[in-house]
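Have the picture open as you read.

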There are 2 protein chains.
Amino acid sequence: MFRELHRSTHSPARIGELVTPHGVVRTPTFVAVATRASVKGVEPAALAGLGLELLIANTYHLHMRPGEDVVASLGGLHGFSGWRGPTMTDSGGFQVFSLGAGKEHGVGKVAPIFPGESDATPAALAGRDGPPLVRLSEAGAWFRSVVDGSEHTFTPESVITIERKLGADIILPLDECTSPLHDYGYTRAAMERTHRWARRALEAFQLLADDPTFPNPGQELYGIVQGGAYEDLRRESTDVIGEMDFAGFAIGGSLGRSKDDMWRVLDWTIPSLPQDKPRHLLGIGEIEDIFAAVSRGVDTFDCAAPTRMARNGSVFLRDAPRHRIHLRNAAFRLDDRPIDPGCDCPTCAQHSRAYLQHLCRSGELSYYRLATLHNLRFMARLMDEIREAIAADRLETLAKEWGFHLT
Amino acid sequence: MFRELHRSTHSPARIGELVTPHGVVRTPTFVAVATRASVKGVEPAALAGLGLELLIANTYHLHMRPGEDVVASLGGLHGFSGWRGPTMTDSGGFQVFSLGAGKEHGVGKVAPIFPGESDATPAALAGRDGPPLVRLSEAGAWFRSVVDGSEHTFTPESVITIERKLGADIILPLDECTSPLHDYGYTRAAMERTHRWARRALEAFQLLADDPTFPNPGQELYGIVQGGAYEDLRRESTDVIGEMDFAGFAIGGSLGRSKDDMWRVLDWTIPSLPQDKPRHLLGIGEIEDIFAAVSRGVDTFDCAAPTRMARNGSVFLRDAPRHRIHLRNAAFRLDDRPIDPGCDCPTCAQHSRAYLQHLCRSGELSYYRLATLHNLRFMARLMDEIREAIAADRLETLAKEWGFHLT
């Protein structure tokens, strides 16, 4: 359930509260990625202390290991992981497509391409050989595990059952994630199928509503808007999905090839979504993107970048170029300052850049946690600032202080 | 400085206090291994809460990266790592030999073998090709880095300077670690050279005593007893090293080929060492070994096994066979109990075996920390029990309760 508390006088930016069976989330908020029911490098008990309020785990990965029945028998994601706060699950659609065909075909985040099923550009087909790892049909997605070769089928209905067993507070339906390489025709067909899948998912969800045999009967289901970077498709998808009885809406799929494309997609979708429902932006979270998305009315967004960057040696520092420093840089070899002298995270309270550089260069396991704690705390503090700025109708000013110009 | 507080009426087992510039260590104690100034997987701030009182870092590794000058300029190991408690440094002799020749020759923990310098069995020479990575002479050890090919020389004097800069509370001199494959003649020659190196190290140490330009002027230097598994050599080494003005004594090198060999080495050495000085056993720490060593008067011992086992999935549980369970075992797939319901570590307070199995199988970084915390806390609690048992003159009874018969 979502409550809007204040809307900016200058933009669709707003602050609100997402009320879930496991607590209230203040929005806008950054959603930390816990793909396998664990934020990489950080134990669940440390997360709340960082100011994080919402995690997103992944249905595909948890289905593959340990399996939703294991998670359900341990009390759902909350009982299983020990994280007692609000949680989402991504439907796994993106993984079926990108981990399957994307990996096989060497096309990164590009959606699956099969003979007769795709009209992607030839570039996207380069490098493919052997049988496909994923096949799509009206029924759903068939795929072969890259881990052990086992075969799996995801249907809109089966994914809802899996997510009911996982027990996150907010769940997402199976969708097809198209790529910027897909042309209009393919993107339209995929979108229309995603709409039909959305309707089936919603029916399956309602059928299992309030079933006490699942660990978290109070779950809510969001719809996902698709349509790639095509204006009429995004507008159509917004209308179709927006009319269905979802508790909130996610914006998924390809957002084009540039940040400007991304903002346009938000401009085509958010204004037409039900204003009383929360909006989630899938997989986006650079600092600049956050300001742009929030100013367009995005309430929540998840992104693996802050944690992945930390593991690679990039840690956030507001006053540095691009708001980050790279700990491997020789300049920090003897630097006895914390990453950010103004930061209140456990890492900055205890450790110097020089020590962190040493741990990072040595590949010490303790490094990953320490750097991740800092970057996550940075995101939580950034969101505190953003919420305060919206409340004071000064988001544009804050963005400028951070070096961004909101358009 | 060491204070014996109570000696068992049945054995040389004793409890005492090691007084260092960074605090008091209750002995006997388990020394956690922090090779690169970090216990693998656990940030320094979490260690004291586990009841750990003494860490051992490694001179060789820290010399190679980040270099002792970096550590010194950050305030020595204490300032550098943020661990404020008592600390030791191993001299790096073992690493020069085993990481150099051992790796090159594929002989594991076997000491270096060079034409004209060794009479090891032919088996130990198998697989060697190319130039040696280590050469030994009366002056010291020359070696080539396996990381970047750079050349380094360790002399007894240079190692003391490095350790002065690292600033641990207890430091060890350069020694040569022989292997069970070395024969009597080689072992004797290596021992005699180690004795000459010990005298040079002591002189270098005294020359730099109380020099306030080093981060920890109150350091103490231990001597290392060598001599392999040969009784007369061990007795001779004990006499020679024991007469030098060291603050304590470590028992190093080959301890033979069986646990019985190991106990014999302790029986040949400890009774003849100065009774008012502390004794450290290098690199030993299986539970059975701990009881046997403590009952023979060992005060401190370091071992990487508890942390390495944790990372591999083996976690301690007193009532299990061999006092451990393997978290990857399918039996724990749905097990909602903590590793040890009687354990007070943060991991057992928060997480089930099922969740830990999932993290372990998934290779999640958070797994390593959680499992390591448990195993380290287990060691700290074991040492609490052992100290209490010695105080009550019932160490033999405690050993029996753990399934061991002290001989």
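## How the two chains meet

Two residues count as being in contact if their C-beta atoms, placed from the backbone, lie within 7 Å. Keep in mind that this is a predicted model. With that cut-off, 34 residues of chain B are in contact with 34 residues of chain A.

Which elements of chain B supply two or more residues to the side that touches chain A? They are α2 (68–73), α3 (76–81), α12 (346–350), α13 (353–362) and α14 (365–391) of chain B. The largest share comes from α13(B), which puts in six residues. Sorted by class, the side of chain B that touches chain A has 14 nonpolar, 11 polar and nine charged residues.

## Two domains in chain A

Let's zoom in on chain A. Its domain assignment gives domain 1 (2–91 + 155–303) and domain 2 (309–401). The C-alpha centres of these two domains of chain A lie 27 Å apart. Their contact takes 24 residues from domain 1 of chain A and 21 residues from domain 2 of chain A.

On the domain 1 side, β2 (14–20), β4 (29–33) and α10 (287–295) of chain A each give two or more residues. The one that gives the most is α10(A), with four residues. This side of domain 1 of chain A is made up of 12 nonpolar, nine polar and three charged residues.

## A strand tucked inside chain B

Is strand β4 (residues 29–33) of chain B buried or exposed? Five of its five residues are buried, so β4(B) is largely enclosed by the rest of the structure. Both faces are covered: B:Thr29, B:Val31 and B:Val33 are buried on one side, and B:Phe30 and B:Ala32 on the other. In a regular strand, side chains alternate between the two faces of the sheet.

What are the partners of β4(B)? It pairs in the parallel sense with strand β14 (residues 300–302) of chain B over three bridges, and B:Val31 stands opposite B:Asp302 there. Two bridges also join β4(B) to strand β5 (residues 55–58) of chain B, again running parallel. Here B:Ala32 stands opposite B:Leu55.

Definitions and conventions
Residues numbered from 1 in each chain as written. Chains lettered and ligands numbered in written order. Predicted model: local features only at pLDDT ≥ 70, side-chain atom pairs only at ≥ 80, totals over all residues. Domains from an automatic or database assignment. Nonpolar A, V, L, I, M, F, W, Y, C, P; charged D, E, K, R; others polar. Buried ≥ 20, exposed ≤ 12 C-beta atoms within 10 Å, placed from the backbone. Pairing = 2+ DSSP bridges.
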